Amino acid sequence: MNEELRTGKTNMTYIYRYISPLGIITMASDGKALSGLWFDGQKHFAATVGDDTDEKKLPVFEEVVKWLDIYFGGSVPRFTPPLLLSGSVFGRGVYEELLNVSYGRTITYGELAAKIAVKFAKTRVAARAVGNAVSRNPVALIVPCHRVIGAKGNLVGYAGGIERKRYLLQLESMIRL
């Protein structure tokens, strides 16, 4: 797991925008770590951003831009920017587990639910509960919720839209290691 990963709730005040091949991406930060990354207009867009925001280029945003440039350029970023993940303990557990899903790999909601059950010492966790947490992932792409697929390999449930999910999975299948 990323040593820079911090957890908890933040009053996000800084935002920055990035133009990607899939549209504009808005980033959010507390000034030190990335706390949000969304495709503009996606479901739950900027759900964790407070009312008091300021658009400013910060060192963390420069790191994220570098990560995105490498990723969309068809290569594997070999670093993870510092993250500040908000949400419930369960949700953060799901996001932390997503960080273990490697490039070019996918995981089903059921497989992810089984991993989360082990993580939280439960007999079972419903795939639906995991899907709900995945859909609220505040840091798209870097926390790779697009790599979660349906039980039969179908592309379902991506807050950024199924066409973006398809593009991202196709991009990753061609990434040079």
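Contact means that heavy atoms lie within 4.5 Å of each other. The model shown is predicted: local features need pLDDT of at least 70, side-chain atom pairs count only at pLDDT 80 or more, and totals for chains, interfaces and linings use all residues. Residues are numbered from 1 along each chain as its sequence is written, and side-chain values use heavy atoms, with hydrogens and water left out.

**View 1. Surroundings of F72.** Leaving aside neighbours within four places in sequence, F72 is in contact with Y18, S20, P21, L22, I25, L141, Y167, L168 and L171.

**View 2. The largest nonpolar core.** A nonpolar core is a set of buried Ala, Val, Leu, Ile, Met, Phe, Trp, Tyr and Cys residues joined through side-chain atoms within 4.5 Å; buried means under 20% relative accessible area (1.4 Å probe, protein chains only). The largest such core holds 43 residues, of which M27, L34, L37, F72 and L141 touch the most other members. Elements giving two or more residues to this core include β2 (12-20), β3 (23-29), α1 (59-72) and α5 (162-173). The largest share, 8 residues, comes from α1. Helices (H or I, at least four residues) and strands (E, at least two) are DSSP runs, numbered from the N terminus.

**View 3. Helix α2.** This helix is mostly covered, with 8 of its 10 residues buried. The buried residues are G91, R92, G93, V94, Y95, E96, E97 and L98.

**View 4. The largest cavity.** A cavity is a set of points, on a 1 Å grid over the protein atoms alone, where a 1.4 Å probe fits but cannot get out; lining residues have an atom within 4 Å of a point. Q42, V134, S135, N137, A140, C145, Y158, A159 and G160 line the largest cavity.

Notes
Buried < 20%, exposed > 50% of the residue type's maximum accessible area, 1.4 Å probe, protein only. 1 Å grid on protein atoms, 1.4 Å probe; cavity = no way out; pocket = protein on both sides within 12 Å on 5 of 7 lines; lining within 4 Å.
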